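Please prepare a briefing on a pocket and on helix packing in the structure shown here.

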Amino acid sequence: MKKRIQYFTSIALTLIVLLLASCKGEEFRIEGNIKQARDSLLYFEHNSLTGFQVIDSVKLDENGAFAFSGARVDNPEFYRLRIAGEIINIAIDSTEQVNITATYPQMASVYDVRGSYENEKIKELALKQIDLQTKCQAAFTQQGLAADSLIETMIAQYKEEVKRDYIFKEPMKAYSYFALFQYIVVGNNARLLFDPTRNSVDNKVFGAVATSWDTFYPNSERGQNLHNITIKGMNDQRIVDAQQKAVEVKAEETGLIDVVLRDNHGAERSLKQLKGKVVLLNFHAFALKGSTEYIMGMREFYNKYHDKGLEIYMVSLDDNAHFWKEQVANLPWINVYDDRGASRIYTDAATATPIIYLIDRENNVVKNPAQLKNLESEVAALLAK
């Protein structure tokens, strides 16, 4: 009897060990070393659809070793390793074992990843994004508003490469999802590279990934999120198209929809009074982030072209008139304040500020916000006529 009890006890212990081993196998694991990061706090965070949540953290020692794990995921999920503002993005599918080695404080760009094809691709995309960010910011710093065309060209080339070599090649992959949400910051303004709310072609790229995720990860939360973004982008584009057509039709019927508003000195200023000049009709909110840098760039632009026949008619969309007057006190162009909604026909046709229309010397609106590609070259062409 005693031997039988020992026998069954042994079997039970074996089953428990196997069960524990099996449970452990249902986890993913991220481990590695961060060099030159002694006493730094390394965070392991989940990049969920609602934001970043800290899962775990560790204070690194001389060796910089770390190891984090989590429960198995049934479809790709996104995480990140972070020390201060240095970030390494990681995708996890099922029970992956990912090894990361990096060097602080350049760990966002100086790191190696092993054991994961997806994360090798994410690293490639991250480095390309950093390179694009550096080039665009350098162009903006050196040329200001004149760099618009160059920046647009660099972004367009980047998007074509990413679509061809990553997204359309394997739209079901986590790195393709990751690519959709890349952004850069130029002049303190963040900008999505693929923006489905303002670009119908970008929206189709989102739709392609959404369809692929439906097949490979049916009913996943992220797949549904892609569908929601795509549908919203389609609806937004229909509204913008309708509004732009309305503006274009009215402009054709009247030549120019006049705006008569009081400037910061109390005088009434009319667009039609500016016939004979090339007019940059600019709707702007001074309270927005990045306004100071934008106005500095616009001032350089005005100084360069004003003597050649350019006038700026800047309409403030700020809520506080006193604040507006303080902001425009030393600006050399025409500054008016719209507290009556008189300019709504123009602002309703765009989705963000600054909003710019170009008016030629004959008082014709020749470019609306959707048509503007390179502000400086288009103004120069109008002035040359």
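This is a predicted model: local features need pLDDT of at least 70, side-chain atom pairs count only at pLDDT 80 or more; totals for chains, interfaces and linings use all residues.

**Second largest pocket**
- The second largest pocket holds about 840 Å³ of space.
- Its lining comprises 28 residues, and the closest to the pocket centre are Asn89, Gln129, Phe178, Phe181 and Tyr183.
- At least two lining residues come from each of strand 2 (41–48), strand 5 (73–83), strand 6 (86–94), helix 2 (117–143), helix 4 (174–180) and helix 6 (221–254).
- The lining of this pocket divides into 17 nonpolar, eight polar and three charged residues.

**Helix 3 with helix 5**
- The axes of helix 3 (residues 148–167) and helix 5 (residues 200–216) lie 13 Å apart, at an angle of about 15°.
- Angles under 35 degrees count as roughly parallel, so helix 3 and helix 5 are roughly parallel to each other.
- Their crossing is left-handed.
- On the helix 3 side the contact is made by Lys159, Lys163 and Ile167, and on the helix 5 side by Val201, Asp202, Val205 and Val209.
- Four residues of this contact are nonpolar, three are charged and none is polar.

**Helix 7 with helix 10**
- Helix 7 (residues 291–305) packs with helix 10 (residues 375–384) at an angle of about 20°, and their axes are 12 Å apart.
- Helix 7 is therefore roughly parallel to helix 10.
- The crossing of helix 7 and helix 10 is right-handed.
- Phe301, Lys304 and Tyr305 of helix 7 meet Leu375, Glu376, Val379, Ala380 and Leu383 of helix 10.
- This contact has six nonpolar and two charged residues, with no polar ones.

Definitions and conventions:
Residues are numbered from 1 along each chain as its sequence is written. Side-chain values use heavy atoms; hydrogens and water are left out. On a 1 Å grid over the protein atoms alone, a cavity is a set of points where a 1.4 Å probe fits but cannot get out, and a pocket is an open set with protein on both sides within 12 Å along at least five of seven lines; lining residues have an atom within 4 Å of a point. Grid points are joined across faces, edges and corners, and a volume is the space filled by probe spheres set on the points. Helices (H or I, at least four residues) and strands (E, at least two) are DSSP runs, numbered from the N terminus. Ala, Val, Leu, Ile, Met, Phe, Trp, Tyr, Cys and Pro count as nonpolar, Asp, Glu, Lys and Arg as charged, and the others, Gly among them, as polar. Axes are lines fitted to C-alpha atoms, for helices over the stretch in contact, and angles run from 0 to 180 degrees between N-to-C directions. Angles under 35 degrees count as roughly parallel, over 145 as roughly antiparallel, 65 to 115 as roughly perpendicular and the rest as oblique. A crossing is left-handed if the near helix is turned anticlockwise from the far one by less than a right angle, and right-handed if clockwise. Contact means heavy atoms within 4.5 Å.
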